[in-house]
Amino acid sequence: MAPSDPAASAPANAVETRERRRVLAGTMVGTTIEWYDFFIYAQAAGLVLAPLFLAPLSEANPAVAQVLSFATIGISFLFRPLGAIVAGALGDKFGRKQVLVATLVMMGLATFLIGALPTYAQIGVAAPILLIFLRILQGFSAGGEWGGAALMSVEHAPVEKRGYFGAYPQIGVPCGMILATFVVWAITMVIGQDAFLAWGWRIPFLLSFLLIIVGHLIRKSVEESPVFKLMQDRRAKASAPLRQLFRSNTKEVVLSALIFLANNAAGYLVIAFLATYASRPVEEFGLGMDRGPVLLATTLASFGWLISTLYGGWLCDRIGRVRTFQIGYAMLAAWAVPMWFMIDTGSVLMYFVAVFVFTLGMGLSYGPQSALYAEMFPAEIRYSGVSIGYALGAILGGAFAPMIAELLLTRFDASWTIGAYIVVACAVSFVAVSMVKEPQGVDLHVDDSEPTPAA
């Protein structure tokens with residue numbers, strides 16, 4: 001047998017390396033854009049949407065109007081499972097790449113149109129109705145986005161680096177958060193708070209059109225997942241992946257939803273609630289801090305989320321997915337109550353430190369998620385499984401977390417009760433992830449056997 005020629009294998013290795021880099025860039029940039037769109041709405045819901053789209057109620061009872069504004073964030077989550085079902089079925093049958101491009105365009109278009117919507121003062125009750133409709137489109141799109149991005153990255157990864165590769169679509173979330181918060185802060189600083197409330201809030205939404213073009217071009221250049229290609233080569237049947245999913249993997253779907261519950265609830269406090277709470281007037285159950293510094297502090301603190309998410313992906317390749325999740329949720333639970341006493345000092349520095357430390361636990365309980373979920377489901381139903389589990393977890397966790405936080409604050413007038421809510425959520429997710437038999441290293445390809453790593 002002739003020895004292999006290093007010169008011949010080098011170009012193939014170089015091509016494979018370049019393709020993996022394109023995959024990582026495509027999943028990260030695309031996910032960043034998708035979540036920029038989603039988070040811009042969350043920021044606006046806390047800062048401007050109540051007086052603009054719920055004007056009569058906002059004038060009569062600002063607190064109730066703010067609760068309803070936060071509730072519109074949750075409405076879109078209710079449509080994530082539908083998006084996950086549709087995208088999962090299409091992704092398992094026709095490929096991850098095409099679905100990812102479609103979800104990106106749909107999300108961006110809905111975001112752009114929100115920026116062009118007339119307000120209640122201009123068209124009356126039609127304004128909030130149209131707003132909710134576009135928010136539903138955002139939720140439908142987001143339901144199919146994460147699963148496809150996670151699988152593209154993990155299914156392209158070497159087995160020993162699945163966690164690290166899987167962290168790239170995950171860091172798209174804090175990157176989207178950083179971008180969204182920074183854009184809002186920058187526009188507020190340039191045109192002033194009054195102008196931002198009057199018309200400047202539209203600019204971040206309208207900018208989404210440019211981001212769509214960039215993300216579309218990047219994702220179009222990425223090759224289809226090798227696992228899906230293998231499924232096609234073997235003529236794998238995926239005509240009814242949803243029925244097959246719940247026939248054989250219901251437990252994994254439930255566990256994946258519960259695992260995500262606490263992380264998503266904590267994330268949406270950072271995304272949509274904390275800056276609003278810190279910057280609104282004291283008489284409206286806020287701290288009365290200057291909005292500009294608060295937004296900047298939130299932006300900078302979110303880098304902790306980015307760094308710890310990437311580290312969490314790297315760490316789970318070394319100590320396991322389950323153990324990394326457990327460490328992250330223990331950190332979140334330990335800090336969830338004390339952070340509020342720092343925030344309530346009214347110091348921007350203390351606010352920054354409190355949120356930054358909070359995001360470290362969020363990252364460790366988010367970085368391993370792509371790899372864990374991909375390894376929990378067989379290839380033929382993987383897109384459906386991870387997408388639906390993620391979407392259901394988002395409903396249980398983040399959908400109404402800002403609204404629940406607002407209700408707890410107005411009911412008890414004690415911010416630490418919000419931290420207690422997060423502690424309970426962390427306990428649920430900790431137990432759920434502890435029920436999963438460590439799946440690290442299972443075969444992700446099409447096989448006659450279907451791994452069932454959940455105990």
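Tutor: A disulfide is taken here as a pair of cysteine sulfur atoms within 2.5 Å. The model is predicted, so that local features need pLDDT of at least 70 and side-chain atom pairs count only at pLDDT 80 or more, while totals for chains, interfaces and linings use all residues. Residues are numbered from 1 along each chain as its sequence is written, and side-chain values use heavy atoms, with hydrogens and water left out.

Student: How many disulfides does a search of the whole structure find?

Tutor: A disulfide is a covalent bond between the sulfur atoms of two cysteines. When the whole structure is searched for such pairs, the number of disulfides found is 0.

Student: Does C426 count as buried or exposed?

Tutor: Buried means under 20% relative accessible area, exposed over 50%, and partly exposed in between (1.4 Å probe, protein chains only). C175 falls under that limit at 18% relative accessibility. Because its relative accessibility is 2%, C426 counts as buried.

Student: How many helices does the protein have?

Tutor: Helices (H or I, at least four residues) and strands (E, at least two) are DSSP runs, numbered from the N terminus. The protein has 0 strands, and its helices number 23.

Student: Which helix gives the most to the lining of the largest cavity?

Tutor: On a 1 Å grid over the protein atoms alone, a cavity is a set of points where a 1.4 Å probe fits but cannot get out, a pocket is an open set with protein on both sides within 12 Å along at least five of seven lines, and lining residues have an atom within 4 Å of a point. The largest cavity has a volume of about 80 Å³, and its lining includes W35, F39, N263, N264 and Y390. Helix 1 and helix 15 (250-279) each give two or more residues to this lining. With 6 residues, the one that gives the most is helix 15.

Terms used: Grid points are joined across faces, edges and corners, and a volume is the space filled by probe spheres set on the points.
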